[in-house]
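Look over the model below. Then follow the walk-through, one element at a time.

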Amino acid sequence: MEYKQTRQGYADGLIEAGKEFPELVVLDSDVAKATRTADFQAVYPDRFFNCGVQEQNMMSVAAGLALEGFLPFASTFGVFATCRAGDQLRNSIAYPKLNVKVGATHCGISTGGDGASHQANEDIAIVRSFPNMTILVPGDYEEARQATIAAARYSGPVYLRFGRDTYPVVTSIHGPFVIGQGKWLREGPDVSIISTGIMVHEALVAAEILSEEGFSATVLHLPTVKPIDVESVVQAARRGGCVVTCEEHSIIGGLGEAVAAILSELHPCMMARVGVMDRFGESGTAGELLDKYGLRAKDIVLAAKKIML
Amino acid sequence: MVYEARSGHVGGSLGATELVVALYYHLMKHDPCNPGWEGRDRFVLSKGHCTPVLYAVLADCGYFPLEDLKRFRRPGAHLQGHPYQPKTPGVDASTGTLGLGLSTGLGMALAAKLKKQTHYCYILCGDGEIQEGQIWEAAMFANKYKLNNVIAFVDRNYQQSDGYSEAIMPMDPLNIKWESFGWRVYDIDGHDLNEIIKTVEDAKASERPVMIIAKTVKGKGISFMENEAKWHGTPPGKEDYEKAMEELQYGV
């Protein structure tokens, strides 16, 4: 299996979108090598602005650029984009609905060795609660590249979520990327697994394990967490009878809660959420932490078995 | 406006009146019939709570009917408590939480540089506001990108929400602080229209971003409001309102 970084997909998508949109500019806050926006800088040095270690100023500067017709991508780590600069994201960007894209890398527990301070496990929850925001959480390198281009073509504020590590390339998710649309990857009547981000790979492996044990699972991948594909979520519940969500994010405020809210109102059914429990992470390799924090295919299988009738 | 709304910030608005008047009636290129005109000078009210003075001036210039002022802070009206650019004609940038507006103005100024436009970006900050860390991030950024199309003001009234600003968070000497961040600094009387105009004209030749420290009196023009921190965010009651209007010689 091929492994690639989603943040590299961001950088490659930016360079492509930069060709299409001459008004596209990239801002970074002294993590350009890590977010990979340094690649964009190498191609378009005049359209790249390193703001130094100041995420708050960067977000509001991006708002000013958008007001004047530019298409700014403000890039930093997820914790800084949403916690350090949460006010600026809310008041400078989301509230006036400006055409600013926030490219957040190093999201999720797989950020690894830097430890809990740098692992954004609550960023989706924060951004979901801001009106006007669109949230894209691609599942692999290629989807990240496509999501970046789709964000550039979309008019309005977008939060793009990427990881630090290399993740499996999941070729079955490589259709055209449409914001707000889920992707059906497998169909089966026993349980529906709904994934976002890099958990798509684990969801597919879980479906495979279940199938070996005689259960047939539906897999719905939602690379757009907001606005969420309500119709597909309800359809998934109808098809599988019960639903397991999986995300590399806190079980509070993320995909799981979004799906639970929809189903409790439109199609009540048994549900289980796989994600990071309500606790901070720690240092370790990405693989060690995904194991320890219960974000593997076996954890999805376990959750599914608990709720399948 | 604030009296009718029974909410709003009157003290800081009165103190900044000459600054906003000098900009909109004497200094800025702008067209109330065409608020989105590319060539206009921009204005960002970074001390966003002082919308009363901005809205009064915008209405008087003709950006929207004077009648609208009676609907300040009312549901369904476009005049939000803090400036909201998508709704209010003539408002160039949304602000609210303190510290955002200077950075937004710098983004607009950077955009003008990239497009080789020649207009200016005027930004009005409060002296309490510049206690925010983001202001000093912005101070560094403007210096890095040599944004000499930025002409900013600190409304230095020495008052903030909780009282005397030098007691709450000492900031003097402000001029040395801004100079050391790479800005061209002027110290002026913020109630002297001629001095404001002369200073801004001079500032246009600067090769660095400009910070004009305008000494003002919070609550200026209303005897019982002057230098009284109480009038930061308290709307006047009926008696205070009538007394204030009398002092302004409108005759109630």
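**A helix, a sheet and a contact**

Helix 5 of chain B covers residues 100-114, 15 residues in all. At 1.5 Å a residue, it should span 21 Å, and its end C-alpha atoms are 21 Å apart, so the two agree. (The expected span is 1.5 Å times one less than the number of residues; helices, H or I of at least four residues, and strands, E of at least two, are DSSP runs numbered from the N terminus.) This is a predicted model: local features need pLDDT of at least 70, side-chain atom pairs count only at pLDDT 80 or more, and totals for chains, interfaces and linings use all residues. Residues are numbered from 1 along each chain as its sequence is written, while chains are lettered from A and ligands numbered from 1 in the order in which they are written.

In helix 5 of chain B, 13 of the 15 residues are buried, so the rest of the structure largely encloses it. (Buried means 20 or more other C-beta atoms within 10 Å of the residue's own, with C-beta atoms placed from the backbone.) Just after this helix, Lys116(B) takes a positive phi of about 55°.

Now the sheet. In chain A, five strands form an open, mixed sheet in the order 9-11-10-13-14. Strands 9 (183-186) and 14 (270-276) of chain A are the edges, each pairing on one side only. (Pairing takes at least two DSSP bridges.) Strands 9 and 11 of chain A run antiparallel, joined by three bridges. Trp184(A) has Leu220(A) as its bridge partner in strand 11 of chain A.

Last, the chain contact. Chain A gives 21 residues and chain B 21 residues. (Contact means C-beta atoms, placed from the backbone, within 7 Å.) Helix 4 of chain A supplies the largest share of chain A's side, nine residues.

Key:
Two residues are in contact if their C-beta atoms, placed from the backbone, lie within 7 Å. A residue is buried if 20 or more other C-beta atoms lie within 10 Å of its own, exposed if 12 or fewer, and partly exposed in between; C-beta atoms are placed from the backbone.
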